[in-house]
Amino acid sequence: MRSRQANFLRMSSLGAVFILALMILFVLPAEAREISKSKDVWTWARKNLDTGWMEWGRKYWPTKPVRGGYFRRAATRYVGLMNPNHWPVHDWDVIKLFYEGYTAYDGRYSQRVTWLMDSWEFINPTTLIMKLKPGVKFHDGTDFNAASFKYQFEWVKDKRNRCWTRGQMKRFKSLEVLDEYTLRWRTRDPWASFPTGFMGYMISSRALKGDILLMQAKSLTHKLKRAKNKAAEAEKKAKEAAARGEAAARKAAAEAEKARQTLARLEEQAAQARARAKGLKNTDQYPVGTGAFMFEDASPGNFLKVKRNPNWWFGPSVGHADMPYFDGIKIIIIPDSSIKLANLRAGKIDTMNLSKSQYLMLKDDPNLRVHVYPLNSMVGLSFNQAKGPCQDIRVRRAVSHAIDRKALIYGTQFGLARMASCMYPKDHWAHNPDLKPVRYDPELSKKLLAEAGYEKGLTIKGSMANDPASQTVAVALKSMLAKVGIDWKAVSLDPVAVVDQMEKLEFDLGGLYYPFIQDPDSPATALYHPEGGFNFGRNRNEKVIALIEAGRREVDDKKRQKVYYQLEKVLYHDYTDVWLWGEMAVIAFRKKVHGWNNDMYIKYRTQYWHSHPMWFEDGKP
């Protein structure tokens, strides 16, 4: 658990895909709802909705797409395992080249978005009918349909397949195939974030069956090896027993014969298993999804090479059969950021995520296109309300008002962050727009400390992560708190030690970073519910808990949004934590790379990323 939590603290990512089902199910007229049941919903959407992401003309792309070339990017670490249900996965952007989900998120991380799914409908709070997109093929040529979906569901549930996603299956009572492209899900309790809050990268059932055959062959090979050793040992004992008398010899001979029979049976079974597994490849090394790219070659730790999927379903569905435009993508492993930058400038890679300091160096580089966009992650400070001085709301208010967020963002983030007022980023659909960032008021902080009995000052303990960026923030925060009489003794720890300190409640004020804020239940539960993996008993607000549970049960989006507005309001006025800023990211492309529209990406996120592949100006890197 700790290693997963530590990894969680280090991770950051992008997210999203298609905003259509909510409009069809709840907003559009009866005619539109009826058409949504048809197999040609995409054609209808292009003709009747101003969706934005359906635009591929000069409004967004000044040049015509050109096929050809291998796009090159650098990664800090090799992807790891390429079956997304197995751990570790180090690069989820690589995973998304091979695999697609049936749902994802738009620019506001709205929960009503579709991709491999045409539509869904809750017929009651615990029963959902899901219709899949017809005509989609896996990389191995097999069909994506209700049967393949059902098989993957059962495969993940089987503990022998060691899937970290298996825990999600506890929410379900059943999954039934109604017809070729229709499924009926039954959950044990209302689950408002389903289906978009459910992990679902689609994998070929043929490939998963191959994994089982490979596993069986491997298991039988191990059993056969043990049986050979056992048979050899039994033969040896039989020879030795012959000298000890007839009775001992008979017993040893019988055991030797039994071992020979077992060995012969296992040899036959292992031979059959090897024959069934011949030519098969494990999905941890050879992914088989429905995505725009297919596995081509790899040298783990050095590079991964993927090639264009010539049968990708999406392009033809929108009249752009040449998608994707790159012949392939090569991911080169370069751990050092400065070496990555040198490769970008030398034209050896085509893109790079820049640090905020690198942005200042490169933002006006004539050979690059540099873009800044918001991430769905939150940076702040967490209070321990279970014990210590931060149980007093006056102390929590004093800490929060002592921090000059604007100065902190400009001084440590080079201005590349969005001031926060609560846990959801300000562009998230669940964020309460009436809440404003806590104002900087050091005199109020001093007054509150005096009222709390700390007129001569207060010493509190805690920690921040030991990476350079976090330590820069820690130094600035310590200085701001010191000005109002708070001595924050924040030690520098690695992520595992930070989690350990939090778990033991050996802190008053600590660093807080939450990435992947998509469905609003995830951060709410993780941070503020007793069941949450990052609460550790540090706070317990019964009103907050009740609102979190209400948000889980409410399947009406508008009503659910109001629940989260109220949840943020309660957290805000309780000063439950210090929310500092929402993160921003910087990406750079060589000028030869075309097709990235930053405004469109911010608005539509992965629905844009998947539907608008990039290309080289002349089809060559």
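**Reading the features of a predicted model**

Q: What does R67 pair with in a salt bridge, and which parts does the pair tie together?

A: Side chains of opposite charge can pair when their charged atoms come close. The criterion for a salt bridge is a side-chain nitrogen of Lys or Arg within 4 Å of a carboxyl oxygen of Asp or Glu. Here the side chain of R67 meets that of D322, with an N to O distance of 3.9 Å. R67 lies in the loop between α4 (41-48) and β2 (70-75), and D322 in the loop between α9 (314-317) and β10 (328-333), so the pair ties together parts that are 255 residues apart in sequence. D322 is also partly exposed, at 42% relative accessibility.

Q: How many salt bridges does a search of the whole structure find, and what is the N to O distance between R260 and E235?

A: The search finds 29 salt bridges, and the side chains of R260 and E235 meet in one at 2.2 Å, N to O. That pair links distant parts of the chain, with R260 in helix α8 (residues 246-277) and E235 in helix α7 (residues 205-241), 25 residues apart. R260 is partly exposed at 33%, and E235 is partly exposed at 27%. The side chains of R540 and E542 meet in a further salt bridge at 2.7 Å, N to O, where R540 is exposed, with a relative accessible area of 56%, and E542 is partly exposed at 48%. Salt bridges that share partners also join R72, D350 and R590 into one network.

Q: How many helices and strands does the protein have, and how is strand β12 paired?

A: Helices (H or I, at least four residues) and strands (E, at least two) are DSSP runs numbered from the N terminus, and two strands pair if DSSP finds at least two bridges between them. The protein has 21 helices and 19 strands. Strand β12 (residues 368-383) runs antiparallel to strand β17 (residues 577-590), joined by 12 bridges, and Y373 stands opposite A585 in β17. With strand β16 (residues 509-514), β12 pairs in the antiparallel sense over six bridges, and M378 stands opposite Y514 there. Of the 16 residues of β12, 14 are buried.

Q: How many disulfides does the structure hold, and are C163 and C422 buried or exposed?

A: A disulfide is a pair of cysteine sulfur atoms within 2.5 Å, and the structure holds zero of them. C163 is buried, with a relative accessible area of 8%, and C422 is buried at 0%. Across the 621 residues of the protein, 55% count as buried.

How values were computed: Residues numbered from 1 in each chain as written. Predicted model: local features only at pLDDT ≥ 70, side-chain atom pairs only at ≥ 80, totals over all residues. Heavy atoms only, no water. Buried < 20%, exposed > 50% of the residue type's maximum accessible area, 1.4 Å probe, protein only.
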